[in-house]
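Please open the structure in your viewer and keep the selection tool at hand. The tour below goes from one stop to the next, telling you what to select and what is there.

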Amino acid sequence: MKKACSLGLAAVLLMSLAACTSVDVSKVPAAGSRLPYTVLTILPNGTEVRNGGYGSAMTGHPTKAGRFYAITDRGPNSSYTGNAGTGKKFPVPDYTPRIGEFKLNADGSVSMIRKILLKDPQGNPISGRPNPEGLGATGEVAYDNDGNALAADPYGLDSEGLVALSDGTFWISDEYGPHIVHYSADGVELERISPMGIDTNGRKLPRVFARRRANRGMEGLAVTPDERTLVGIMQSTLYNPSKKAATNTTLARIVTFNLETGETHQYLYRQEKNNNSDSELAALTATTFLVDERDGAFSGEGDAQKTLYKIDLSGATDVSGDMDETGGMRIDGRTLEEMSWDEIDAAGIKPVKKELVADVVAMLPNRYPHDKLEGLWVIDASTVGILNDDDFAVTPQGDDVVQKILPGTTNEVDGDILYILHLAKPLF
């Protein structure tokens, strides 16, 4: 019987599983275990909007074996252009992004322990609506389901990356600012770090990260085993200095943020295909991490890339440049996103080393039918849990949303499903 122990952050530091209670992962079926959900609303077109949505990020509980956290994003939405401009329609406009704590049961099923709604510093629930200008705005206007423009939310979050610390608090990264926000165990905002330096007493991300593409912000967030340094990865290439000029669309940036000093460093990650997504990051050691790199395709429609890579920051070139320089490091006047990989190599800049760990589509009998692989749970050196983002079981169709049915299935509605991967080579 295959058993594994949930590898908490402190356990990674010690590299020992002896103090943990074993959890039987062999009962999780090859087709995965579906997370529970509730119904948020039923739209006039009959579409059932589910919560669900706990797939934007995932991380193991730092002290309790067999438990993990997962987070939602900003809520169900579709592209929409109204009187106030281009933006997003939010069928549930006051939806509050939230963290769910889940338990892997002895029979292989998953149950929810609790949910933690995210709140502003005053303890009021936030929304997933975009931020105002100057506070992380992406240029998107929020609309309700009737097409009425909605107010921006200065504390709004499109949450995508999740870290759970041993003191019970959380760090979350998002797609707006991008922000990295510290939340209490009850979900109250403690600190917000961004490229704009909002209310952070000088602690901020490098300004270049404000050049993120809308909906492709800081998708992955991890913390080193000593819990001293956050490490974030951008989903895709920054529009640096502009969308037209950023021709290297396989270049993504990694940033490290020292929680004690506020010091940052940057590194380059080379994606396998243009406009791929780096959707999750999990720490293995102080310098090695597991990255989920994927495209947006469904295997039920043809070829799809859902892959896990082990990366190593040691030996990679720090490309920080000037902290206050909008475009960051430049070579002969050009930003790194304007340069080819051959030109980057000629300049002596080395990206992080990467090694293929798992081709998820090839490994799973059902070929992983989902489009969005976004959650990683490092259970032990040879066992990884993965989780998909089901988009609240809806998908955009024109200006509205309809039920999200997995291609190649008989009307199977997408849901958040936990899969267990058994790796051929240990991660550490």
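Begin with the second largest pocket, which has a volume of about 220 Å³ in this predicted model. If you then colour the lining of the second largest pocket by residue type, you will find 5 nonpolar, 3 polar and 5 charged residues.

Next, move to the largest pocket, where about 620 Å³ of space lies. Its lining has 30 residues, and the ones to select are Asn-77, Lys-88, Asn-215, Lys-372 and Asp-391, which are the closest to the centre. Colouring this lining in the same way gives 4 nonpolar, 10 polar and 16 charged residues. Now select strand β29, residues 394–397, which with 3 residues provides the largest share of the lining of the largest pocket.

The last stop is a sheet. In general, the strands of a sheet pair through backbone hydrogen bonds, either parallel or antiparallel. Here you will find an open sheet of 4 strands in the order β3-β31-β28-β27, and the pairing is antiparallel. Select β3 (33–34) and β27 (373–380) to see the edge strands, each of which pairs on one side only. Then select strand β28, residues 383–388, together with strand β31, residues 417–422, which pair in the antiparallel sense over 5 bridges. Which residue of β31 is the bridge partner of Val-384? Select Leu-421, and you have that partner in view.

Conventions:
Residues are numbered from 1 along each chain as its sequence is written. This is a predicted model: local features need pLDDT of at least 70, side-chain atom pairs count only at pLDDT 80 or more; totals for chains, interfaces and linings use all residues. Side-chain values use heavy atoms; hydrogens and water are left out. Two strands pair if DSSP finds at least two bridges between them. Helices (H or I, at least four residues) and strands (E, at least two) are DSSP runs, numbered from the N terminus. On a 1 Å grid over the protein atoms alone, a cavity is a set of points where a 1.4 Å probe fits but cannot get out, and a pocket is an open set with protein on both sides within 12 Å along at least five of seven lines; lining residues have an atom within 4 Å of a point. Grid points are joined across faces, edges and corners, and a volume is the space filled by probe spheres set on the points. Ala, Val, Leu, Ile, Met, Phe, Trp, Tyr, Cys and Pro count as nonpolar, Asp, Glu, Lys and Arg as charged, and the others, Gly among them, as polar.
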